[in-house]
Amino acid sequence: MLWGKVKERRKTRSVKVGKVIIGGDSPVVVQGMTKTSTENISATLRQIIELEEAGARIVRIALPHMRAVKALSKIRKKVKLALVGDVHFNPELAIAAISEGIDKIRINPGNIGKEGILRIAEAAKGSGVPLRVGVNSGSLKESFLPKLTENKRRNPTQKVAQAMVRSALETVTLLEEDNFQDIIVSLKSPYVLTTILSCQLISQKIPYPLHLGITAAGPPPQGIIRSASGIAILLAQGIGDTIRVSLTGDPVEEVKTAYQILQSLDFIKDRPTLISCPTCGRCQIDLISVVNQVASGIEELKLPLTVAVMGCEVNGPGEAREADIGIACGRKGALLFKKGKVFAKVEERNLAGALLSEVTRWVQEEGRGKK
Ligand code: SF4
């Protein structure tokens with residue numbers, strides 16, 4: 001198959017989470033997750049604000065006990081952003097969170113029984129709160145665990161993916177039979193191919209929006225690469241309505257990575273793109289430091305500007321000319337290109353500064369500010 005563009009998104013029902021719509025014709029929604037103890041209200045609020053500033057439209061908080069739910073009631077009063085409560089084992093926590101104004105509940109079919117799920121659904125129905133049926137390969141119910149022979153244990157992708165799908169379908173069917181359809185589904189594994197296969201399979205069987213992510217993907221850069229590999233492949237196949245990147249690290253980094261995935265697939269176009277060469281033996285200047293300065297200088301911009309920083313005359317002029325603003329370095333300085341034409345000669349000691357000044361001028365000319 002030849003791909004010139006991503007496949008058209010799979011049509012799903014739309015589900016409202018607070019004021020945010022997931023699925024239907026809505027753009028893919030980026031979610032974040034706090035990593036504080038929820039009962040540490042000031043730290044949790046601070047992190048929610050940081051995630052919102054980074055672009056998260058929905059933030060998930062952990063509700064492991066009633067102390068966390070009590071904290072939620074105070075957090076709710078100060079936060080307009082859509083909040084999701086992550087609940088395991090105890091349905092009472094979900095029911096209490098719904099009465100405290102949570103916007104969505106994530107349940108794990110692997111650790112809440114049918115009776116508990118139906119009780120949560122009853123409370124959710126009354127308050128217009130959707131449920132995410134969040135299946136994780138690491139917490140499948142005993143009855144769904146695939147019987148892996150030694151051979152399959154080394155390559156469990158298909159068996160585990162099918163087991164995850166069966167688990168999700170059992171809960172989705174239970175909810176549908178209870179006349180509950182405000183459903184979002186996620187199937188996550190730490191293994192990229194297992195996650196991709198399970199999401200492909202479930203997407204053919206249900207009309208509900210899918211939440212994508214690679215669970216426990218690890219620290220950056222491994223976690224970024226694994227998350228991007230899984231999420232991007234699915235999105236490019238038209239599968240997925242909301243995403244959350246999982247990193248052992250800063251939650252703001254998770255949100256930034258999610259946006260970079262969306263940007264790399266052209267799902268969003270209002271962020272800057274930095275083109276820079278890897279440098280090699282031809283490069284005569286400290287290009288890495290120039291690129292780092294330019295990267296942090298354009299990070300906060302919210303406009304579709306392409307900036308190129310290239311190390312020499314081999315590919316430099318071509319890429320710099322293609323970009324909106326670019327520099328192609330030579331022996332002791334660089335040529336600065338703007339809108340495809342040579343605009344100025346720049347000295348080596350001021351490469352990043354000259355380029356960023358032009359970026360500032362461009363922003364002013366375009367009449368657009370920082371986000
Ligand atoms: S642009 Fe020049 S310096 Fe950069 S990688 Fe290519 S050949 Fe090397």
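This is a predicted model: local features need pLDDT of at least 70, side-chain atom pairs count only at pLDDT 80 or more; totals for chains, interfaces and linings use all residues.

Biologist: Where is Glu319, and what does Glu319 contact?

Modeller: Glu319 is in helix H11, residues 316-322. Beyond neighbours within four places in sequence, the contacts of Glu319 are Ile275, Ala308, Met310 and Gly326.

Biologist: Which residues does UniProt list under "binding site"?

Modeller: The unreviewed UniProt entry puts that feature at Cys277, Cys280, Cys312 and Glu319.

Biologist: What makes Cys280 buried or exposed?

Modeller: Cys280 has 10 other C-beta atoms within 10 Å. Exposed requires 12 or fewer, so Cys280 is exposed. Cys280 sits in the loop between E11 and helix H10 (287-298).

Biologist: Strand E11 covers residues 273-276 and includes Leu274. How is Leu274 classed, and on what count?

Modeller: Leu274 has 16 C-beta neighbours inside 10 Å. The partly exposed class lies between the exposed limit of 12 or fewer and the buried limit of 20 or more, so Leu274 is partly exposed. With residues up to four places away in sequence left out, Leu274 touches Val294, Ala295, Ile298 and Val307. Leu274 and Val291 are 17 residues apart in sequence, with a C-alpha to C-alpha distance of 8.7 Å.

Biologist: Which domain does UniProt place at residues 274-360?

Modeller: The unreviewed entry gives "domain: IspG C-terminal" for residues 274-360. That stretch is 33% helix and 30% strand, and its end C-alpha atoms are 15 Å apart.

Biologist: How do you know that the length of helix H1 agrees with its residue count?

Modeller: H1 runs over residues 41-54, which is 14 residues.

Biologist: Which residues of H1 are buried, and why are they said to be on the same side?

Modeller: The buried residues of H1 are Thr44, Gln47, Ile48 and Leu51. They cover an arc of only 105 degrees around the axis, which puts them on the same side of H1. In an α-helix there are 3.6 residues a turn, so residues three or four places apart point the same way. Ser42 and Glu53, on the other side of H1, are exposed.

Biologist: What covers the buried residues of H1, and what do those of H2 pack against?

Modeller: The cover over H1 includes strand E3 (29-33), strand E4 (58-62), helix H2 (66-78) and helix H9 (251-264). In H2 the buried residues are Ala68, Val69, Ala71, Leu72 and Ile75, and they pack against H1, E4, strand E5 (82-87) and H3.

Biologist: Why are H3 and H4 called roughly parallel?

Modeller: H3 (residues 91-99) and H4 (residues 114-127) pack at an angle of about 5 degrees, with axes 9 Å apart. Angles under 35 degrees count as roughly parallel, so H3 and H4 are roughly parallel to each other. Residues that meet across this pair include Ala94 and Ile98 in H3, and Ile120 and Ala123 in H4.

Methods:
Residues are numbered from 1 along each chain as its sequence is written. Helices (H or I, at least four residues) and strands (E, at least two) are DSSP runs, numbered from the N terminus. The expected span of a helix is 1.5 Å times one less than its number of residues. The arc is that of the directions from the helix axis to the C-beta atoms. Two residues are in contact if their C-beta atoms, placed from the backbone, lie within 7 Å. UniProt positions are given in the numbering used here, feature names are shortened, and annotations may be inferred rather than shown by experiment. Axes are lines fitted to C-alpha atoms, for helices over the stretch in contact, and angles run from 0 to 180 degrees between N-to-C directions. Angles under 35 degrees count as roughly parallel, over 145 as roughly antiparallel, 65 to 115 as roughly perpendicular and the rest as oblique.
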